[in-house]
Amino acid sequence: MILMVAVGLGLIAGLIRAKITNQSFQAIHLRGWWLVIFSFVFQYLAVGFRPTSIVIQDAWVPYLIVGSQVLLVVFVWLNRRVRVMWLLGLGLAMNLLVIVANGGWMPISPETLTHLEPQVPIGSWEIGTRYGFSKDMILSPELTNLALLSDRFILPISSTSRIAFSIGDILLALGAFWLLWSLPKKASQKGVLEL
């Protein structure tokens, strides 16, 4: 979710920058772009699309999550010469590391869930269970490997809606914002998409 917010803000910032500087968006030729699509589809089917999230057994979800992350690692590696990829790669590596270290799930603590869903009584969260149909596994900090990299931060979207995210998510979001913000280039350059 935080990545989608960053993409939206990056596009808006890039459009404003293009307008102010009288430039156009330059097409970036990214190798293996289709890997991002497959990665998104794997995660969306596993944790984002309710009808399939209900059908897919919890035992298969870690494979889909890790598999989608591996596809993104390959994408970043293929495009390592693009300046912003190091930031995207670092965020991705942090998320992949904590997910693999915790059995294919992103850990989330009961304390974080208390802030995420304050209407749920404290102590209601069952350790070792999946949080809804998400990619998160409820684990106490002492049972979590690399707890610092887990979903531990809260972003309030509205008075009733909040999302949890990790340090890796922050770096991914910053990288996506930076990539989209930096797209405006002089219209005389080749490969430019006029807006």
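Which element gives the most to the lining of the second largest pocket? Helix α6 does, with 3 residues. The model is predicted, so that local features need pLDDT of at least 70 and side-chain atom pairs count only at pLDDT 80 or more, while totals for chains, interfaces and linings use all residues. Residues are numbered from 1 along each chain as its sequence is written, and side-chain values use heavy atoms, with hydrogens and water left out.

The second largest pocket holds about 210 Å³ of space. A pocket is here an open set of points on a 1 Å grid over the protein atoms alone, where a 1.4 Å probe fits, with protein on both sides within 12 Å along at least five of seven lines; lining residues have an atom within 4 Å of a point. The volume is the space filled by probe spheres set on the points, which are joined across faces, edges and corners. The lining of this pocket has 14 residues, and Ser109, Glu111, Thr112, Pro141 and Arg152 lie nearest the centre. Two or more lining residues come from each of β2 (106–108) and α6 (110–116). Helices (H or I, at least four residues) and strands (E, at least two) are DSSP runs, numbered from the N terminus. By class, the lining divides into 6 nonpolar, 5 polar and 3 charged residues; Ala, Val, Leu, Ile, Met, Phe, Trp, Tyr, Cys and Pro count as nonpolar, Asp, Glu, Lys and Arg as charged, and the others, Gly among them, as polar.

Strands β4 (residues 153–156) and β5 (residues 162–165) pair in the antiparallel sense over 4 bridges, where pairing requires at least two bridges found by DSSP. The two strands form a hairpin with 5 residues between them. Within this pairing, Ile154 has Ala164 of β5 as its bridge partner.

Aromatic pairs number 7. Rings of Phe, Tyr and Trp (its six-membered ring) pair if their centres lie within 6.5 Å; planes under 30 degrees apart count as stacked, over 60 as edge-to-face and the rest as tilted. Trp60 and Tyr63 form a tilted pair, at 5.9 Å centre to centre and 55 degrees between the planes. Trp60 is exposed, with a relative accessible area of 53%, and Tyr63 is exposed at 61% (buried is under 20%, exposed over 50%, partly exposed in between, with a 1.4 Å probe and protein chains only). Ring pairs also link Phe40, Tyr44 and Phe49 into a cluster.
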